[in-house]
Amino acid sequence: MSKTILSLKDISKAYPGVLALDRVSMDFTEGEVHAIVGENGAGKSTLIKTIAGAHQPDSGLVGIDGKEYSSLTPKESRDAGVEVIYQEFNLVDSLSAGENIFLGERKGRFVDQKQIKKDARALFDRFKVDIDPSTLVRDLPSSMQQIVEILKAVSKNARILIMDEPTAPLTLTEVDTLFGIIKELKKQNVTVIYISHRMEEIFTISDRVSVLRDGQYISTLQTEETDKDELIALMVGRTLSEVFPERAQPSQDVVLELDRVTGNGDHDISFSLNKGEILGLAGLVGAGRSELAKVIYGAEKLESGTIKINGEVCSITSPSEAIRAGIGLIPENRKEEGCFLGMSIDWNVVINSVRRISSGLIVNKKQEKRISLDFEKRLQIKTPSLAQKVKNLSGGNQQKVVIAKTLAADTPILIFDEPTRGIDVGAKQEIYRLMNSLVEDGHSIIMISSDMEELLGMSDRIIVLSEGRMTGELSKNEFSQHRVLELASVHVSGQKEII
Amino acid sequence: MTEAVGKTPSLDISGLFRKYAIFFVLIGIIALFSILSPYFFTFTNLVNIFVQQSYVVIAAIGLSFVMISGGMDLSIGFQMSLVGVSTAALARWYNVPLPLAMASGLGIGVLCGLFNGIASIKLKVHPLIITLGTMTVYQGLSYIVSKQSVILNLPPAFKFLGQGYVFGVIPFSVILMIICIAIASFILNFTYFGRYVYALGGNDEATRLAGININRVKLIVFGICGFYVGLAALVLFGRAGSASSSTGPGTEFSCITAAFLGGISFKGGEGKIWGLVTGAFILGVLGNGMQLIGMGTYSQYIVKGFVLLAAVGFDEFQKSGLKKAKK
């Protein structure tokens with residue numbers, strides 16, 4: 001009955017090593033709220049970027065209002081009435097809410113502050129938002145900034161409005177405000193594409209919901225005809241394809257214990273890590289997993305709570321203390337945090353431990369050579385020479401260098417943050433084997449991963465975080481993708497206000 | 001990475017040329033001035049260039065520690081001014097024994113450096129901005145210490161630093177310069193601290209996560225810079241034979257240019273001492289050569305300014321060249 005405003009036909013987009021979108025075809029009708037769900041890496045972000053023209057698909061057509069584009073540009077997308085609200089804020093801090101909304105809109109020679117204020121006020125009133133247009137954006141709480149961001153997009157008279165996790169920074173009351181805005185937009189026949197991990201929101205606001213999985217379009221359902229279980233089943237939908245080797249049972253000796261650890265955005269996290277165990281840390285992007293890793297590693301401040309190593313309370317205030325106490329971290333972003341791209345492989349491999357292999361001030365180059373040769377063999381780093389600069393290596397080999405660098409410091413507790421992100425299958429398998437041999441040697445591992453197969457296949461236990469809080473602990477016999485995803489999308493930020 | 005495996009020797013030669021291009025530039029301008037002026041390529045003149053550049057090289061080495069670690073120091077010129085007049089004032093006005101006065105001067109240099117370091121750590125601002133501020137502070141201090149006067153007749157042993165010859169032929173300042181080069185190369189290439197300096201400049205967050213105390217590295221690097229700059233000041237003032245607060249400023253310009261020419265990038269994490277020294281000598285040869293062919297002081301400024309621009313461009317050229325070589 002209502003007409004199709006946006007249609008995607010056979011959109012494919014590949015990145016090195018991943019097929020982000022695989023022949024996706026979808027239709028969006030005028031005036032509907034259409035939710036898109038999928039796990040991390042299902043292709044949602046790529047899909048949005050394709051509609052916004054930020055990425056050109058490798059093949060396929062984007063049709064807006066009957067006009068088809070094979071390589072849509074950001075300008076064409078905008079002119080056709082598409083507005084995207086990304087997760088990052090694109091506001092100018094030092095300007096007022098009103099000025100931000102009409103930034104770049106007004107022609108004319110001078111800025112007419114009065115007019116801006118009046119128009120912004122009208123917009124805010126229309127959507128029943130209580131913000132003074134002349135407040136500077138930096139003085140607004142981040143939730144209100146998000147509302148300004150949304151209204152900025154709305155003010156462009158968009159016909160298709162894409163919201164990527166709009167409620168992430170919002171508290172419950174503001175979510176209501178947002179829903180008010182969306183309902184108002186619907187009345188004006190605007191199509192809203194709504195991306196969220198939060199199931200309850202999808203069921204409150206959307207008319208239809210589409211599921212993506214591993215870059216593929218799975219199906220579109222009428223929201224009122226489906227339920228949470230069905231959606232999760234569709235999102236997960238696959239069986240484990242990789243074979244993860246069996247390992248011996250970890251011992252019951254606790255090597256690391258967190259008690260109500262708070263800091264860096266995480267609250268009251270308590271769990272323990274046993275000797276010889278791989279403990280999976282699951283959660284959605286932004287759940288606070290890497291943040292927690294940095295607190296344990298002393299790179300960020302522990303605000304309250306205690307961390308015990310081998311039963312003794314440790315106050316670790318810097319990474320060097322963490323290494324001395326026996327904790328090593330393999331960071332998430334290998335290029336930003338992990339390695340020194342302009343330096344050679346051997347230089348990188350020993351940098352965490354270079355002081356230990358020095359006699360006095362002087363680096364023992366023989367030791368350096370021995371250690372890096374050893375790791376080159378053990379991790380099968382593929383390179384013509386150890387003098388090769390790390391930036392010339394493939395992603396998988398770079399990751400091995402980062403791992404080697406942490407292992408060279410010889411710490412019994414290891415935190416692997418996304419150890420296999422963006423690397424090919426072969427290298428993945430090698431890293432899994434390495435992790436297994438490490439725990440068999442008596443190391444204990446905390447593994448942060450967004451890769452569900454890896455998480456379920458490698459972990460002995462899984463701790464799930466959501467929004468900076470621990471929402472569950474699963475032992476091996478309770479493992480299921482469904483259960484992890486359910487715990488990972490628990491909405492807990494309401495509790496913050498109570499506490 | 002496969003292309004690296006299949007690298008042919010001919011590619012390596014062009015890569016080598018690119019890597020040592022700065023060295024060929026130096027040889028080129030030496031050849032040029034040798035043709036333009038009969039006085040240029042003579043033993044006396046070449047020694048003269050060495051003597052003239054020795055203090056620049058010493059100060060630039062100090063700066064290179066800061067720059068390789070990703071920082072910058074604009075205040076070194078006025079640090080030199082402060083160190084020089086303080087040493088001279090202590091020795092001449094307050095009759096402090098010369099060795100003690102010189103040690104105090106070096107100490108003041110180290111303190112100036114440490115202060116730059118502490119300020120940039122505590123205020124969490126790029127040292128470029130910090131030293132823009134401290135530069136003015138050191139200028140003020142220098143003029144207060146010197147009472148805006150010229151301290152004449154520095155003790156002979158002080159002058160020896162800048163003017164003296166060992167065995168009658170080898171300038172003492174050049175020996176000092178060579179020792180400085182050797183020590184700095186040793187620290188940067190053979191010690192774990194040297195690794196930390198490159199690490200910090202290459203990727204500060206990765207350095208922090210590698211368990212290295214980056215604030216300590218920053219502080220030491222600035223301390224080393226202050227020490228070298230203090231030493232450079234003693235050489236410069238010794239050569240001048242008298243001390244005034246206007247001696248020293250401007251050195252930062254030569255040092256920064258030499259560093260860029262020598263492949264130490266603004267972002268840090270790379271660069272070698274030999275490159276820096278070559279860079280400093282390019283400046284020295286240019287200055288000396290332009291003087292010999294009778295170019296005016298102000299035209300020389302213009303040339304030197306363009307050399308700085310060229311140096312920055314050259315930095316980019318080297319990098320883009322390397323990138324291309326990889327493809």
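Two strands are said to pair if DSSP finds at least two bridges between them, and the strands themselves, like the helices, are DSSP runs numbered from the N terminus, where a helix (H or I) needs at least four residues and a strand (E) at least two. What we are looking at is a predicted model, in which local features need pLDDT of at least 70 and side-chain atom pairs count only at pLDDT 80 or more, while totals for chains, interfaces and linings use all residues. Residues are numbered from 1 along each chain as its sequence is written, chains are lettered from A and ligands numbered from 1 in the order in which they are written, and side-chain values use heavy atoms, with hydrogens and water left out.

Let me start with a hairpin in chain A. Strand E4 and strand E5 (residues 67-69) of chain A pair in the antiparallel sense over three bridges, and in E5(A) the residue A:Glu68 is the bridge partner of A:Gly63. This hairpin has two residues between the strands, and A:Asp65 takes a positive phi near 60° there. E4 (residues 59-64) of chain A is also joined by five bridges to strand E1 (residues 4-15) of chain A, the two running antiparallel, with A:Lys9 opposite A:Leu61.

Now to the sheet. Strands of a sheet pair through backbone hydrogen bonds, either parallel or antiparallel. In chain A, six strands form an open sheet with mixed pairing, in the order E6-E7-E8-E3-E9-E10. Its edge strands, each pairing on one side only, are E6 (82-85) and E10 (216-222) of chain A. From one strand to the next the twist averages 20°. Within this chain, E3 (residues 33-37) and E9 (residues 208-213) of chain A pair in the parallel sense over four bridges, and A:Val37 stands opposite A:Val211 in E9(A).

Which helix packs on the sheet and touches E6 and E7 of chain A? That is helix H5 (residues 142-155) of chain A, whose direction makes about 175° with that of E6(A); contact here means heavy atoms within 4.5 Å, and angles run from 0 to 180 degrees between N-to-C directions, with axes fitted to C-alpha atoms, for helices over the stretch in contact. Helix H6 (residues 172-187) of chain A also packs on the sheet, touching E3, E7 and E8 of chain A, and its direction makes about 150° with that of E8(A).

Two residues deserve a careful look for their phi. Most residues other than glycine have a negative phi. A:Asp214, however, has a positive phi of about 50° although it is not a glycine, and it is found in the loop between E9 and E10 of chain A. A:Asp214 is partly exposed, with a relative accessible area of 42% (buried means under 20%, exposed over 50%, partly exposed in between, with a 1.4 Å probe and protein chains only). In chain B, phi of B:Asn95 is near 55°, and B:Asn95 lies in the loop between helix H5 (76-92) and helix H6 (98-123) of chain B, where B:Asn95 is exposed at 63% relative accessible area.

Finally, chain B as a whole has 15 helices and two strands, and buried residues make up 52% of its 327 residues. Along its principal axes, the C-alpha trace of chain B spans about 70 × 55 × 35 Å.
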